[in-house]
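Work through the following exercises with the sequence and the model at hand. Each task is followed by a solution in steps.

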Amino acid sequence: MSKQPQPISPVKNFFAGGFGGVCLVFAGHPLDTIKVRIQTQTKPAPGQSPLYAGTFDCFKQTLAKEGVKGLYKGMAAPIIGVTPMFAVCFFGFGLGKKLQQKTPDDILTYPQLFAAGMLSGVFTTAIMAPGERIKCLLQIQAASGSVKYNGPMDCVKQLYKESGIRGIYKGTALTLMRDIPASGMYFMTYEWLKHILTPEGRSPSELSVPSVLFAGGMAGIFNWAVAIPPDVLKSRFQTAPEGKYPNGFRDVLRELIREEGIGSLYKGFTAVMIRAFPANAACFLGFELAMKFLNWAAPNL
């Protein structure tokens, strides 16, 4: 396993993770907009073609109708939400690693790294579930043309008025089902690839930029391979009208499989995978650069 020159600092992880999150949003938001629009488009009537033929068609239509700004619709919410979320996510991972170390230079096994990643998934869901719900609702109202919410804060106010705190946290169980295993996969894959790409006798902290980008991008792909099915269910459940699925995600799952088959659990796969690589490559590169800066600026933090 790899040498750890620097003791693990959850606090540094927090700040570096936040910076990584900002990098991720800039690289990935356009494809996220497309992902949500494809996942939530209604089934066409017999004899009619769907609104979007696929990822690239949705991209072309959005560009033609709304310009580049259309691709960055609703980005304020993720920037405000993602920065603390990734900060908390990387903090959770750092804490999960630290809790499993008996001494500061203990090297963790891959199952231990997976467990540390799962802890970060629990941490992020508390922040993320409401943000995701609001993001989905705002993204589909732009595509459907009827304006119910004037922005993120208005959306929170209306949801709270309609159904209290539960309305804001609708879909939390699904977010947990998506994020706990996916986060474990995410961090474990990243550490594993970093270890593989490190030349003999060198430390993973000296990895070249292309290697970090590759490890980060692949970690994103492994993360989403685990996360897409619960993510499709979550997008459906969180954007459904009140009371449509009384038994929660089981109803969503039944309806999806009955109407569109098992393949529909991988809806938006292309958009997710095309986005996962550059977005997470940008995220981990931002994280590693911020970590280097923090280790240099505050070595004892």
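**Exercise 1.** How far apart are the end C-alpha atoms of residues 75–95, and what percentage of the span is helix?

Solution. The model is a predicted one. In it, the end C-alpha atoms of residues 75–95 are 29 Å apart. The span is 95% helix and 0% strand. Next, consult the record: an unreviewed UniProt entry gives residues 75–95 and 107–129 as "transmembrane region". For residues 107–129, the end C-alpha atoms lie 33 Å apart, with 87% helix and 0% strand.

**Exercise 2.** Find the residues that UniProt lists under "repeat: Solcar", and describe the spans 108–196 and 207–293.

Solution. The unreviewed entry lists residues 8–99, 108–196 and 207–293. Residues 108–196 are 87% helix and 0% strand, and their end C-alpha atoms are 15 Å apart. For residues 207–293 the end C-alpha atoms lie 15 Å apart, and the span is 78% helix and 0% strand.

**Exercise 3.** Determine how the axes of helix α4 and helix α7 are arranged, and which residues meet.

Solution. Helix α4 covers residues 110–144 and helix α7 residues 209–239. Their axes come within 9 Å and cross at roughly 70°. Angles of 65 to 115 degrees count as roughly perpendicular, and α4 and α7 are therefore roughly perpendicular to each other. On the α4 side, Ala129, Glu132, Arg133, Cys136, Leu137 and Ile140 take part; on the α7 side, Lys234, Ser235, Gln238 and Thr239 do. By class, this contact has 4 nonpolar, 3 polar and 3 charged residues.

**Exercise 4.** Describe the largest pocket: its volume and its lining.

Solution. The volume is about 880 Å³. Of the 39 lining residues, Gly81, Val82, Met85, Met128 and Glu132 are the closest to the centre of the pocket. At least two lining residues come from each of α1 (10–40), α3 (76–100), α4, α5 (152–168), α6 (172–197), α7 and α9 (269–297). By class, the lining has 23 nonpolar, 8 polar and 8 charged residues.

Terms used. Residues numbered from 1 in each chain as written. Predicted model: local features only at pLDDT ≥ 70, side-chain atom pairs only at ≥ 80, totals over all residues. Heavy atoms only, no water. Axes fitted to C-alpha atoms, helices over the stretch in contact; angles between N-to-C directions. Helix = DSSP H or I, 4+ residues; strand = E, 2+ residues; numbered from the N terminus. Parallel < 35°, antiparallel > 145°, perpendicular 65-115°, else oblique. Contact = heavy atoms within 4.5 Å. Nonpolar A, V, L, I, M, F, W, Y, C, P; charged D, E, K, R; others polar. UniProt positions renumbered as here; feature names shortened; annotations may be inferred. 1 Å grid on protein atoms, 1.4 Å probe; cavity = no way out; pocket = protein on both sides within 12 Å on 5 of 7 lines; lining within 4 Å. Points joined across faces, edges and corners; volume = space filled by probe spheres on them.
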